[in-house]
Amino acid sequence: MAEWMLDIVLVIALLVTAGSALWSRDLFRAVVFFIAFGLLMALAWVRLNAPDIALAEAAIGAGLTGVLLLDATRHLSNRDSGRKNRGGGQS
Amino acid sequence: MTPSLLYALAGAALCGIGLFGFILISHLLRKLLAFNLMGSGVFLVLVGLAQHRSGPDPVPQALVLTGIVVAIAATALAVVLIRRYYHLAGKTALDDAARETLRDQGSRQVREEPGE
Amino acid sequence: MSRILRSLSVASVCLVFVAGLAFVIWEISAVATPVDLPARLAENLERSSVENPVTAVLLNFRSYDTLLEIGVLVIAGIAGISVARTSSLEDPELRTSDELLYALQRWLIPLMLLLAGYLLWAGSDRPGGAFQAGAVLAASGVLMRLGGIPMDFLRPGLMLRLGLSLGFAVFLLVAVASALHGGEFLAYPPEMAKTLIVVIETVLTLSIAMVLLALFVSAPVNNAEEPEEGGS
Amino acid sequence: MTASALLPVFALMTSLTAAIIIFTLPEQKHRLRTVVNLTAALLKLLLVGLMIWGVFQGREYGVSFTMVPGVDFVLRADALAMLFAGLSAALWLLTTVYAVGYLEGSPNRSRFFGFFSLCVASTMGIALAGNLFTFFLFYEMLTLSTYPLVVHRGTQQALRAGRTYIIYTLTGGAVLLLGISLLHSFAGDLPFRPGGHFAGIGPDLQAPLSIVFVILIAGLGVKAAIVPLHGWLPTAMVAPAPVSALLHAVAVVKAGAFGIVRVVFEIYGLETANALGLLSGLAAIAAFTIVYGSVRALSQSDLKRRLAFSTVSQVSYIILGLCLLGPVGVAGGLVHLVHQGVMKITLFFCAGNYAETLGIHRIDELDGAGRRMPATSVAFTLAAFGMIGTPPLAGFITKWTMGTGALATGMDWVIAVLVVSSLLNAAYFLPVLNRIWFREQKDPWTEERQWGRFETSAWLLWPPLVTAAFLVLAGVLASASFSPLGWVELIVAREVGP
Amino acid sequence: MTLLLMAGLLFTPLAWAVLTLLAGFRRGRGITWLGIVIQVLVSLALWAVVAGEGGFQYPLGGWQAPLGIELRVDGLAVTFVLLTALVAAASGLHAGFYLDPDKQWHRYFWPLFWFLWAGLNVVWLGNDLFNLYVGLELISLSAVGLVALGGQAEALRAAIRYLMAALLGSLAYLLGVALFYGQFGSLSLSGIAFALSHGSAQGAAGFALILMLFGLALKTALYPMHWWLPPAHGIARSPVSALLSALVVKGSFYIAARLWLELEAPLGSLALAQLLGILGSIAVFWGGWQALRQPKLKQVVAYSSVAQIGYLFLLFPLTWNTTEAVALQAQQAMTLQVISHALAKAAMFLSAGNLILSVGSNRVNALAGVSHFLPFSLFSFGLAGVSLMGLPPTGGFAAKWLFLQASLATGQWWWLVVLVGGGLLSAAYVFRVYRASFVEDSNIDHFFHPARRLEIIPMVLALLSLGLGLIAEPVLSVMALVFANGEGT
């Protein structure tokens with residue numbers, strides 16, 4: 001049961017960080033949540049008996065992507081462009 | 001029900017969250033985050049579902065490794081494009097397609113010319 | 001108003017999608033697969049001459065995927081440096097003023113290089129391999145960049161392009177060499193398989209790191225002529 | 001490949017090659033272009049002549065290969081094909097001569113002659129097509145190659161006319177395609193064959209066959225300018241005179257009419273079409289078109305527009321002839337394919353001469369033109385009398401043959417149509433002739449120019465004279481075996497039986 | 001011999017990508033042309049081998065499916081390989097003259113070009129679902145890179161939009177792959193088809209198929225998911241537009257078609273088939289209508305791609321639950337439409353690029369009076385247009401004819417409206433361009449004649465698409481070749 005608890009907590013944490021990464025007001029914080037999400041993913045891969053992916057996820061998913069995005073946020077405005085139009089024509 | 005299946009279902013949920021964000025959010029970097037979340041969801045489904053019965057399966061794990069590298073390649077390319085776009089146009093979102101093309105048709109013709 | 005409606009409709013579509021997906025996953029989980037791939041893999045692992053099954057899949061059974069995947073990475077690198085216009089290397093903005101980071105990197109970088117080496121070496125029989133090692137290598141490169149260490153080889157030029165394509169080129173040469181030998185494309189001669197895989201992994205590590213680093217560096221910086229953000 | 005296979009291909013290739021050469025020639029090489037044009041025209045006439053001789057001897061020329069699964073590309077020279085091919089080859093030569101003179105000094109000649117040759121190539125293809133599919137191929141090619149000719153002048157009026165033209169013809173083509181595919185879907189690939197394919201069909205196929213017939217005729221009727229599908233023809237008058245001549249006499253309207261002949265004779269078969277009750281409807285429409293076109297022609301003040309409505313009327317003679325069932329009536333209709341072509345091309349050549357030499361476009365400007373341009377006016381007069389049906393000219397032969405044919409099959413009402421039509425023809429041609437010959441010139445000619453030794457340029461003068469002579473000969477020598485009527489009787493003997 | 005050919009086919013584009021990456025633009029051009037010769041020859045030889053001896057399976061690395069990746073070299077695949085070789089060769093030659101060698105970023109055109117070519121070959125030959133995914137990404141990323149190459153804000157916007165659509169499409173596809181793997185434990189398409197025909201559970205796999213078809217339709221720009229295509233294809237440099245419209249969208253369509261043809265019997269449904277057909281029909285009309293209204297020449301051509309792609313989707317309703325003969329007819333029609341559209345559209349974009357060079361503007365109205373100068377490119381544009389209109393004897397016509405016959409044979413008469421009406425609509429937008437060129441009112445005195453070699457290339461393509469209708473039979477007979485009996489493993 002304890003094992004299950006761990007998995008369930010991990011899954012919930014994954015979903016919460018994912019949601020926070022998308023809906024943080026601040027872009028910087030969104031990226032930080034995303035990095036946290038990546039680290040949790042690495043844990044999840046460990047739980048799934050996939051150490052190779054866990055390593056890659058930690059290095060690439062959380063590490064590199066995170067740095068890349070953080071760097072980008074510094075150069076792009078933190079504010080969401082306040083325009084009310086729809087999301088880039090995707091429908 | 002095994003933990004693997006739980007992760008697969010979580011992957012499904014992540015896909016949904018990512019899709020929702022991908023469609024609704026107009027800020028390009030956040031869109032990119034949404035894409036990555038969706039990608040993680042798909043990877044979880046791939047491994048979780050396959051390992052649900054037979055235990056560790058290296059094939060989907062290898063596929064996911066490949067997938068992660070492809071995803072980071074795409075993400076990095078997107079970041080480069082977005083930053084360049086921001087540099088040139090000063091925007092972090094794509095404008096609404098229909099309105100934009102209509103408005104542009106008048107003014108941008110000069111730019112399309114061979115020396116573009 | 002229409003925005004709320006739109007959000008609601010998208011949300012309901014996504015919910016339906018998730019519900020459908022979850023249901024399908026549940027359904028699938030109940031039936032047995034007609035093909036037992038892990039078993040077959042275990043049977044053939046011996047012949048792949050690598051002990052880590054994931055590495056065996058990546059670099060032997062499905063090496064074509066990996067070859068193409070490195071191609072994708074190189075494409076991203078090419079596209080990245082093709083867009084780069086500003087000579088970002090000279091840009092002081094890039095150097096972080098963070099004292100902590102500056103101090104950290106002295107310790108971290110050697111450690112990370114070591115880790116990368118270990119991951120590469122471990123790849124053939126334990127978890128680890130070219131990707132992970134490459135990523136760690138790239139990450140240490142990023143740290144060095146942030147710390148302001150000039151890395152001239154990252155300047156768009158022949159060296160950079162050579163670095164980008166090195167791993168891919170070696171992989172490709174091995175692939176075609178076996179074909180010229182009369183076998184299929186990408187078929188390694190059994191006695192040399194292990195050596196070839198290690199060689200490929202090594203060069204791949206370098207190239208992967210290079211591409212990732214190039215993409216990080218080539219993201220153009222825009223401060224002086226940065227236009228105002230419109231419409232906010 | 002034997003000579004028998006190659007002859008039709010060569011006949012097609014002459015004008016196609018000419019087109020390609022002309023397109024690649026620089027605009028300024030006028031002399032070389034003329035040489036190429038005339039050589040190709042003469043060569044084609046020679047080849048067609050050879051084939052006519054061969055067909056007369058009973059030889060068959062043809063080539064075929066499979067294009068798309070289930071569909072063949074077939075070129076075949078039979079007697080009916082040679083009727084049309086001979087007409088277009090002969091008139092192409094004359095029209096080329098005429099066009100060289102007509103376009104002297106105007107821009108874009110390279111473009112014009114290139115498409116002109118393409119247009120003739122398509123006409124040749126239509127003549128030689130051995131099945132509906134091949135026919136359609138060239139039918140659409142004709143549409144495309146005539147468009148640049150119609151809009152040649154590039155004025156707003158020309159562009160509008162071009163648009164009308166292309167909308168009508170492409171829609172017609174689409175309808176035709178629909179008909180052909182429907183037919184193909186339940187009957188397969190049908191080569192043209194005397195007597196048709198549907199003799200003695202079962203009752204279950206009757207309804208679909210009738211529907212397909214209507215669709216096919218509607219598609220072909222656009223080009224044949226059957227009322228109410230004739231709207232494009234008067235509008236297309238803005239094109240240069242040689243183009244109008246070509247459109248009216250040889251290429252476009254004739255392609256439509258020729259297609260109807262092929263469908264009725266060689267797909268359905270005259271008997272079957274009649275048995276399905278399709279021909280009486282067609283006859284009624286044709287008769288209506290004959291009268292309607294003539295009535296409209298009465299009220300036109302523009303010379304070319306009057307001639308255009310006259311074409312609407314005259315082409316339906318061909319179709320009416322088919323519906324007369326008996327061999328004599330059919331011969332009357334078919335021979336009009338040639339006669340109308342010769343007469344109408346003469347009229348258009350003359351109208352072009354008036355326009356180019358004297359600047360005359362409207363009928364009320366023609367006063368006194370006969371004195372100034374006697375030779376042209378004589379040709380015009382002959383052609384007009386031919387249209388009215390005065391013996392012994394070509395038009396009379398048509399009407400006489402059709403009349404006897406109608407009487408033979410008991411369709412007496414056709415006589416009434418013929419009489420009314422002739423009266424109307426007289427009513428719109430005689431006033432024109434009156435002005436040409438018997439009125440004094442009122443105002444000076446608006447754009448008179450002096451060309452060469454004759455009343456106009458020799459290039460412009462000879463073609464109408466030759467065609468006028470031809471229309472007299474076709475009437476006088478109608479009983480000779482190589483007259484149009486003689487040839488048509490040969491066709492009818494082969495198609496319908498004696 | 002065959003083994004060497006296959007190795008050459010797979011190796012050349014990738015190797016040339018590396019070589020050209022190391023060289024500058026001019027040297028890269030020379031290298032590329034050499035590579036084009038090799039690749040065209042190899043493709044031709046392979047086509048000839050398959051035409052002569054039938055298709056075969058090619059296990060990469062000597063590992064058979066499902067453990068390894070097997071390529072499926074059958075008639076359809078080699079036909080498309082050859083088509084790709086032709087169109088890419090034309091675009092590559094044209095680009096060599098068209099692109100400005102002095103813009104330093106143009107050197108990156110060559111490696112991206114070669115990667116794109118490599119990706120296309122992966123897709124044509126692929127039989128492994130995940131391998132196809134990697135191939136798709138190879139194509140998408142290099143295509144996006146090509147669109148963005150040296151572009152300004154507008155081009156970048158188009159490129160980003162394109163990238164986003166492509167990524168979403170790939171993910172949907174990959175999710176489908178994940179479900180398939182979960183259910184069948186195999187990634188080989190023929191393995192899955194085999195398992196399905198031996199009665200595995202089907203409901204879940206149907207969902208996966210729908211997901212994959214959705215993702216691929218998004219990448220193929222099926223209405224209403226076409227929004228990304230016109231900006232990207234319209235703004236890229238002309239040789240790039242030619243590649244994108246002619247080949248790239250076909251790649252994803254091809255996978256969708258392969259999936260459908262292998263799996264439609266157990267997994268398809270009437271509703272799905274009809275839905276795809278209807279969306280395709282709407283695309284035909286919508287794309288045509290939009291093309292008619294575009295003020296810019298390249299946008300006209302781009303929207304015409306949206307319309308022409310619509311026809312391809314008639315494949316789905318015409319193969320679902322129909323007799324073998326009709327299904328074959330529909331497949332032939334699809335193949336011909338792909339080939340003829342590829343040739344015609346490449347010709348159109350290349351000649352549009354030449355015309356823009358000539359008149360110095362991208363507007364349709366700027367063409368007023370150019371036919372005065374008899375521009376060779378206008379002629380190529382026109383000939384290609386004939387194929388799009390579906391007039392005989394072009395390949396477009398042959399395709400339309402086969403679609404018509406298949407529709408009639410299945411009694412699905414409603415597609416007739418689409419086929420006939422769509423042809424008329426395309427005639428309308430093509431004639432709009434012709435019409436503009438015939439205007440004599442405006443006196444343009446200056447007209448730049450591009451180099452002959454730039455003009456010859458689209459002409460050759462246009463003539464090919466024109467002549468395709470005449471030689472459709474032999475082409476189709478090769479396409480129908482599957483694995484020779486006994487050779488397939």
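Q: What makes the packing of helix α7 (residues 206-223) against helix α10 (residues 252-268) in chain D roughly antiparallel?
A: In this predicted model, the two helices of chain D pack at an angle of about 160°, and their axes lie 6 Å apart. Angles over 145 degrees count as roughly antiparallel, and therefore α7(D) is roughly antiparallel to α10(D).

Q: Which residues make the contact between α7(D) and α10(D)?
A: From α7(D) come Phe213(D), Leu216(D), Ile217(D), Leu220(D), Gly221(D), Val222(D) and Lys223(D). The partners on α10(D) include Val252(D), Ala255(D), Gly259(D), Val263(D) and Tyr268(D).

Q: How many residues of each class does the contact of α7(D) with α10(D) have?
A: By class, the contact has 11 nonpolar, three polar and one charged residues. Gly counts as polar and Tyr as nonpolar under this scheme.

Q: How do you know that the span of helix α2 (residues 30-56) of chain D is close to the expected one?
A: The helix has 27 residues and reaches 39 Å from its first C-alpha to its last. The expectation is 1.5 Å times one less than the number of residues, which gives 39 Å for α2(D).

Q: Why are residues such as Arg33(D) and Lys44(D) in α2(D) called buried?
A: A residue is buried if 20 or more other C-beta atoms lie within 10 Å of its own. Arg33(D) and Lys44(D) are listed as buried, as are Asn37(D), Ala40(D), Ala41(D), Leu47(D), Val48(D), Met51(D), Ile52(D) and Val55(D).

Q: What makes up the side of chain D that touches chain E?
A: In this interface, 31 residues of chain D are in contact with 30 residues of chain E. The elements of chain D that give two or more residues are β1 (61-68), β2 (71-77), α4 (109-128), α5 (132-150) and α6 (156-187). Among these, α6(D) gives the most, with 12 residues. By class, this side of chain D has 18 nonpolar, 10 polar and three charged residues.

Q: How do you know that chain D does not touch chain B or chain C?
A: A contact requires C-beta atoms within 7 Å. No contact joins chain B and chain D, whose closest C-alpha atoms lie 24 Å apart. For chain C and chain D, the nearest C-alpha atoms are 37 Å apart, and these chains do not touch either.

Q: Which pair of chains shares the most contacts?
A: Of the seven pairs in contact, chains C and E share the most.

Q: What confidence values accompany the model and chain D?
A: The model scores ipTM 0.89 and pTM 0.91. Chain D averages a pLDDT of 88, and 98% of the residues score at least 70.

How values were computed
Residues numbered from 1 in each chain as written. Chains lettered and ligands numbered in written order. Predicted model: local features only at pLDDT ≥ 70, side-chain atom pairs only at ≥ 80, totals over all residues. Contact = placed C-beta atoms within 7 Å. Helix = DSSP H or I, 4+ residues; strand = E, 2+ residues; numbered from the N terminus. Buried ≥ 20, exposed ≤ 12 C-beta atoms within 10 Å, placed from the backbone. Axes fitted to C-alpha atoms, helices over the stretch in contact; angles between N-to-C directions. Parallel < 35°, antiparallel > 145°, perpendicular 65-115°, else oblique. pLDDT = per-residue confidence, 0-100.
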